[in-house]
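Take a moment to look over the sequence and the model, and then follow along with the questions below.

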Amino acid sequence: MKKQKNEELNFLYIDGKQDNKKENTKLKKKNVNKSKKKKEGTDNFSLSPEKNEFNFDNEIVIGVTIPNENKKKHITNKNNKSTKKKNNKATSNLQKRSINEKKETTKEKNSNKQTVKKNSKKGRIVKGIIKWTILCLALVASFIYFMMSPLFNLAQIQVSNNEKISTDTIISLSNLTIGENIYKTSISKIKNNIKQNAYVESVEVKRKLPNKIQVSVKERKTTYNLEYGNSFVYINNQGYILEISQDKLEVPIIEGYTTNGENIIVGNRLNDEDLERLGTILKIMKSADAHEISNLITKINISDKQNYTIVLEGEKKTVYLGDASNLSERMPYLKAILTEERGVEGEIFINGDLNKTNAYFRRKE
């Protein structure tokens, strides 16, 4: 576009030059005269002295500025720089992509290597586990075979700490047989078999290698009787029914209990209400023992828990204790009255509030 403009301007200029030769000659004469007077020319157009041509690079024609070659070069340089920048960016992007692709490939290779290593480790671990399990099973089998050898056949059963239960009864309860392997029956099973007897509170069983078993028992002791028809029910301090017998033991008889006859079975316990009142009986007996009169008590009636009654048959006396509270204050009165009224049949009343009323004895008429 710029070249076309320059050519058009040259054409106009030359054509005007041919049409107006006469005027140009006159102008030349005037310009020569003026050039002599003035150093600088005032013409709008400058011609080169050698070729008499118009310089489009340095002059302005009819107010139009002709661009300079330096400016062209500057613009081209800018365009080249922009293209170079674009090319550099594209190349840098390609390089980054290639680097990322290389990283991804390396990561994939590393992950594949790691998976292979993990699989190999897992395989080794599995093989090791299989080997050790086989070895352990072999050891266990050999140990069992050794334990079942005749060396460990039972030759003796030792029983200790038994008083009420005979040794033969404990051995028969254990279901142990002389000549059998001592590992044939478990320790827990032997204990459970022996504890079937209500008198056995606890039991310990030990194997004494190579061919002995020791059994140590802790027995329950009868502390009270219950009258049950024409028989007597033996119970201990925890309310366990130990035995039902026709024989009366020299222990206090509990009267007024509420446990049903259907539940009066060896090995069972009294019902909750009777167990609660049995706890009060234990407190009464403990306080009486502290004052050395527990051996005189033959019967305890628990039918009314607001007024426990004890019978001293040897002293021919009945004692009313009330709710059995403040026994440490009541028992000294009881002991004092027993000493004063020895051998006299009657009733002792220590069931009131001793801070307001005194204990007293009433003879039987």
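Q: Does arginine 342 count as buried or exposed?
A: This is a predicted model, in which local features need pLDDT of at least 70 and side-chain atom pairs count only at pLDDT 80 or more, while totals for chains, interfaces and linings use all residues. Residues are numbered from 1 along each chain as its sequence is written, and side-chain values use heavy atoms, leaving out hydrogens and water. Buried means under 20% relative accessible area, exposed means over 50% and partly exposed is in between (1.4 Å probe, protein chains only). Arginine 342 has a relative accessibility of 58%, so it counts as exposed.

Q: Which residue meets arginine 342 in a salt bridge?
A: A salt bridge is a side-chain nitrogen of Lys or Arg within 4 Å of a carboxyl oxygen of Asp or Glu. At 4.0 Å, N to O, the side chain of arginine 342 meets that of glutamate 315. The pair links distant parts of the chain, 27 residues apart: arginine 342 is in the loop between α7 (327-340) and β13 (346-349), while the loop between β11 (308-312) and β12 (317-322) holds glutamate 315.

Q: Is glutamate 315 buried or exposed?
A: Its salt-bridge partner is arginine 342. Glutamate 315 has a relative accessible area of 12%, so it is buried.

Q: Which residue does arginine 362 meet in a salt bridge?
A: The two side chains come together at 2.8 Å, N to O, and the partner of arginine 362 is glutamate 347. Arginine 362 belongs to strand β14 (residues 360-363) and its partner to strand β13, so the contact ties together parts that are 15 residues apart in sequence. Arginine 362 is partly exposed at 46%, and at 23% so is glutamate 347.

Q: How far along helix α6 do arginine 277 and glutamate 273 lie from each other?
A: Helices (H or I, at least four residues) and strands (E, at least two) are DSSP runs, numbered from the N terminus. The two side chains form a salt bridge at 2.8 Å, N to O. Arginine 277 is buried, with a relative accessible area of 9%, whereas glutamate 273 is partly exposed at 37%. Both sit in helix α6 (residues 272-290), about one turn apart, which is 4 residues.

Q: How many residues of strand β7 are buried?
A: In a regular strand, side chains alternate between the two faces of the sheet. From β7, Ser231, Val233 and Ile235 point one way and Phe232 and Tyr234 point the other way, and all are buried. Strand β7 (residues 231-235) is largely enclosed by the rest of the structure, because its buried residues number 5 of the 5.

Q: Which residue of β7 is the bridge partner of glutamate 227?
A: Two strands pair if DSSP finds at least two bridges between them. Strand β6 (residues 224-228) and β7 run antiparallel and are joined by 5 bridges. Their hairpin has 2 residues between the strands, and there glycine 229 takes a positive phi near 65°. The β7 partner of glutamate 227 is phenylalanine 232.

Q: Which residue of β8 is the bridge partner of valine 233?
A: β7 pairs over 4 bridges with strand β8 (residues 241-245), in the antiparallel sense. This hairpin has 5 residues between its strands, and glycine 239 in the turn has a positive phi of about 80°. In β8, valine 233 is partnered by isoleucine 244.

Q: In which sense do β6 and β9 pair, parallel or antiparallel?
A: Leucine 226 has isoleucine 254 as its bridge partner in β9. Over 2 bridges, β6 and strand β9 (residues 253-255) pair in a sense that is parallel.

Q: What is the C-alpha to C-alpha distance between lysine 218 and asparagine 162?
A: Lysine 218 is in strand β5 (residues 212-219) and is partly exposed, at 48% relative accessibility. In sequence, lysine 218 and asparagine 162 are 56 residues apart, but in space their C-alpha atoms are separated by 7.1 Å.

Q: What is the relative accessible area of isoleucine 144?
A: Helix α3 (residues 69-147) holds lysine 127, which counts as exposed at 57% relative accessibility. Isoleucine 144 also lies in helix α3. It is partly exposed, with a relative accessible area of 47%.
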